[in-house]
Amino acid sequence: MRTETDKTKLYDRQLRLWQKDGQAALERARVVVVGSSTLASESLKNLVLPASSADPVSESYSAIFSRPPLSCGHVERSCGRRVLSHLCAVVGIGEFIVVDDALVADEDLRTNFFVRAADAGKSRAQSIVDNLCEMNPDVHGQALVKAPPEFIALSEQDGPEAELLGSATLVIVCAQPDEIVRALGARCWDANIPMVAACNAGFIAEIRTAVREHT
């Protein structure tokens, strides 16, 4: 675990914006992500990543992007390193949970930077959790290998799924059918939990939010 001095250096940029109280709230945040697509893993990367690779505090993280080439090819890996090296914002949430039952397929190896060739046929949610957690040891991640419709149904009953959803600081729904978005939106609205739903086709994306009025 990092000391407070280490954290001050690591999160220096954002501490200037929202001070220690804001950073402490981020470190307590519990984000539930429904879906494990490339969009989900890239969204989580921006919440998990502790600093840009140009920051001397995070030099060790550059090793993650220096592994032997993945099946996704040289172009995607080069883009990934370039995006990482130009990141200006840093976050560092406390915990994230990925809910999905999809398996890693050939398409994922070509498009998802956070799965490896060795992950083929395995749980996609667990694979991206394992790889994302390497980027910031202060962030706890876990996978819930359940289909989103099953997760929604179980969350309406007394049980761990209901407790998980009820304890979320934010719910992110990635690349899910409209009926899943609507059902989760209604659940989150009733529980006063902010929800963001996103989908994309190439460089075109749509984002919807379900957030009650607040001050």
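Predicted model: local features only at pLDDT ≥ 70, side-chain atom pairs only at ≥ 80, totals over all residues.
What is the volume of the largest pocket? It comes to about 400 Å³.

**Around the pocket**

If you want to find the pocket in the viewer, look for Ser37, Thr38, Leu39, Glu42, Thr111, Ala175, Asn200, Gly202, Phe203, Ile204 and Ala205, which line it. Two elements each give two or more residues to that lining, namely α3 and β6 (204-210). The top contributor is α3, with three residues. Sorted by class, the lining has five nonpolar, five polar and one charged residues.

**The chain as a whole**

Stepping back, the chain has nine helices and six strands. It runs to 215 residues, and 44% of them count as buried. Take the contacts with a separation of 6 or more: 65% of them are between residues 24 or more positions apart.

**The cores**

Now for the inside. The largest nonpolar core has 25 residues, and Val31, Val33, Ile93, Phe96 and Val98 have the most contacts inside it. The elements giving two or more residues to this core are β1 (30-34), α3 (38-48), β2, α6 (124-133) and β4 (170-174). There is also a second, separate core of 19 residues, with Val171, Ile180, Ile193 and Met195 among them.

| Core | Size | Residues, among them |
|---|---|---|
| Largest nonpolar core | 25 residues | Val31, Val33, Ile93, Phe96 and Val98 |
| Second, separate core | 19 residues | Val171, Ile180, Ile193 and Met195 |

Phe96 sits in strand β2 (residues 95-99). Is Phe96 buried or exposed? Phe96 counts as buried because its relative accessibility is 0%, and the cut-off for buried is under 20%. Apart from its neighbours within four places in sequence, Phe96 touches Val31, Leu44, Val48, Val129, Leu132, Cys133, Val139, His140, Gly141 and Gln142. Take Val48 from that list: Phe96 and Val48 are 48 residues apart in sequence, while their C-alpha atoms are 8.7 Å apart in space.

What does Val98 contact, once its neighbours within four places in sequence are left aside? The list for Val98 is Val33, Gly35, Ser36, Leu44, Ala125, Ile128, Val129, Gln142, Ala143 and Leu144. Leu44, Val129 and Gln142 turn up in the contacts of both Phe96 and Val98.

Definitions and conventions. Residues numbered from 1 in each chain as written. Heavy atoms only, no water. Helix = DSSP H or I, 4+ residues; strand = E, 2+ residues; numbered from the N terminus. Buried < 20%, exposed > 50% of the residue type's maximum accessible area, 1.4 Å probe, protein only. Contact = heavy atoms within 4.5 Å. Core = buried A, V, L, I, M, F, W, Y, C linked by side-chain atoms within 4.5 Å. 1 Å grid on protein atoms, 1.4 Å probe; cavity = no way out; pocket = protein on both sides within 12 Å on 5 of 7 lines; lining within 4 Å. Points joined across faces, edges and corners; volume = space filled by probe spheres on them. Nonpolar A, V, L, I, M, F, W, Y, C, P; charged D, E, K, R; others polar.
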